[in-house]
There are 2 protein chains.
Amino acid sequence: MKNNFKRYIRSIPDFPRKGILFRDITTLLKNPKIFKKVMDIFAQRYRGKKIDSVVAVEARGFIFGSVLAYKLNAGFVPVRKKGKLPAPTVEVTYSLEYGEDTLALHKDALKKGKRVLIVDDLLATGGTIKAVTELVEKLGAKIVECLFLIELTSLNGRKQLEKYSVFSLIKY
Amino acid sequence: MKNNFKRYIRSIPDFPRKGILFRDITTLLKNPKIFKKVMDIFAQRYRGKKIDSVVAVEARGFIFGSVLAYKLNAGFVPVRKKGKLPAPTVEVTYSLEYGEDTLALHKDALKKGKRVLIVDDLLATGGTIKAVTELVEKLGAKIVECLFLIELTSLNGRKQLEKYSVFSLIKY
């Protein structure tokens, strides 16, 4: 059942640069039945888990995070690149393959002790989501799980998230 | 009823630069009841309208567009900044206040004659959404309506979209 979803992911060699095999999810998203099925599986997983807020990462994470927030009667909380959120933020800077990046979260986005689900489309090296967990913990909220549509297992991103429960639907 | 929603929008002066009053929707998104109410009003509007695909603009447009695609049993189709979509695209370059920008849409994202709803969070001058309508028309799809959470009426964005039906929930 799970493995069926791979048929809807398009693999594109040498994007965004030579040697990278890009997993393109737009072919899954544009298929109404498959998109709905994926979202229903995700929502079912968190029924009764008392999720207060879904925290999703700009930009593709928003696609899955907002549907989940809606389905779980939770709030939707965006994590964005530094400089895009207008009110006071907490920030975390993390290393990329080349250089570094800074993510931000509004200080008033989550209250202490609230139960949070973190959502992104892809778990690769885990650097981005590690930064998101740090942002959420700065605000004292509790991370119930980190959810991904796709996990690139060879990049071992779970190691960065050892402290947390991690779930992915499609593994390469 | 509609006007109630303004209570959940936070207005932040001088962001992203002096003289701009920024309408911050994160305070609406983080409130589960209000987020749900907004999405239910949107979905209700398009029930029975046979929407095949929801086209949404990176990044905040994704938040509303994906829930609508899910609720309407439609496909979700992202419009992104040039260089982010991995397969062949159509592109449109449009003017910004300073400089210009290029938006892209996968060529295989929409089929000719399909019924499309275009979604973004904010209608300001209308330049972005005008470019999105051009992308959708390049692929021969039919635009049922352009939907926005917020419209800044003084900027007269509707004028750029005269050919289309336009709906916004909150007007300033």
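Which residues in H2(A) meet which residues in H3(B)? The points below take up this contact and other features of the predicted model.

1. **Contact of H2(A) with H3(B).** On the side of chain A, the residues are Phe35(A), Lys36(A), Met39(A) and Asp40(A) in H2(A), and they meet Ser66(B), Ala69(B) and Tyr70(B) in H3(B). By class, this contact comprises 4 nonpolar, 1 polar and 2 charged residues.

2. Helix H3 (residues 60-71) of chain A packs with helix H2 (residues 32-46) of chain B at an angle of about 105°, and 9 Å separates the axes. H3(A) is thus roughly perpendicular to H2(B). Here Ser66(A), Ala69(A) and Tyr70(A) in H3(A) meet Phe35(B), Lys36(B), Met39(B) and Asp40(B) in H2(B). The residues of this contact of H3(A) with H2(B) fall into 4 nonpolar, 1 polar and 2 charged.

3. **Relation of the two chains.** Two copies of a chain are related by a rotation about an axis and a shift along it.

4. **Cis peptide bonds.** Most residues other than glycine have a negative phi, and most peptide bonds are trans. In chain A, however, the peptide bond from Phe15(A) to Pro16(A) is cis, with omega near 0°. Pro16(A) belongs to the loop between strand E1 (10-13) and strand E2 (21-24) of chain A. In chain B, a cis peptide bond joins Phe15(B) and Pro16(B), with omega about 0°. Pro16(B) is placed in the loop between strand E1 (10-13) and strand E2 (21-24) of chain B.

5. **Backbone of Asp14(A).** This residue also lies in the loop between E1 and E2 of chain A. Phi of Asp14(A) is near 60°, which is a positive value in a residue other than glycine.

6. **The second largest pocket.** Its volume is about 240 Å³. The second largest pocket is lined by 14 residues, and those closest to its centre are Ser53(A), Ala109(A), Lys111(A), Lys114(A) and Lys30(B). Sorted by class, the lining of this pocket has 5 nonpolar, 4 polar and 5 charged residues.

Conventions. Residues are numbered from 1 along each chain as its sequence is written. Chains are lettered from A and ligands numbered from 1 in the order in which they are written. This is a predicted model: local features need pLDDT of at least 70, side-chain atom pairs count only at pLDDT 80 or more; totals for chains, interfaces and linings use all residues. Side-chain values use heavy atoms; hydrogens and water are left out. On a 1 Å grid over the protein atoms alone, a cavity is a set of points where a 1.4 Å probe fits but cannot get out, and a pocket is an open set with protein on both sides within 12 Å along at least five of seven lines; lining residues have an atom within 4 Å of a point. Grid points are joined across faces, edges and corners, and a volume is the space filled by probe spheres set on the points. Ala, Val, Leu, Ile, Met, Phe, Trp, Tyr, Cys and Pro count as nonpolar, Asp, Glu, Lys and Arg as charged, and the others, Gly among them, as polar. Axes are lines fitted to C-alpha atoms, for helices over the stretch in contact, and angles run from 0 to 180 degrees between N-to-C directions. Helices (H or I, at least four residues) and strands (E, at least two) are DSSP runs, numbered from the N terminus. Angles under 35 degrees count as roughly parallel, over 145 as roughly antiparallel, 65 to 115 as roughly perpendicular and the rest as oblique. Contact means heavy atoms within 4.5 Å.
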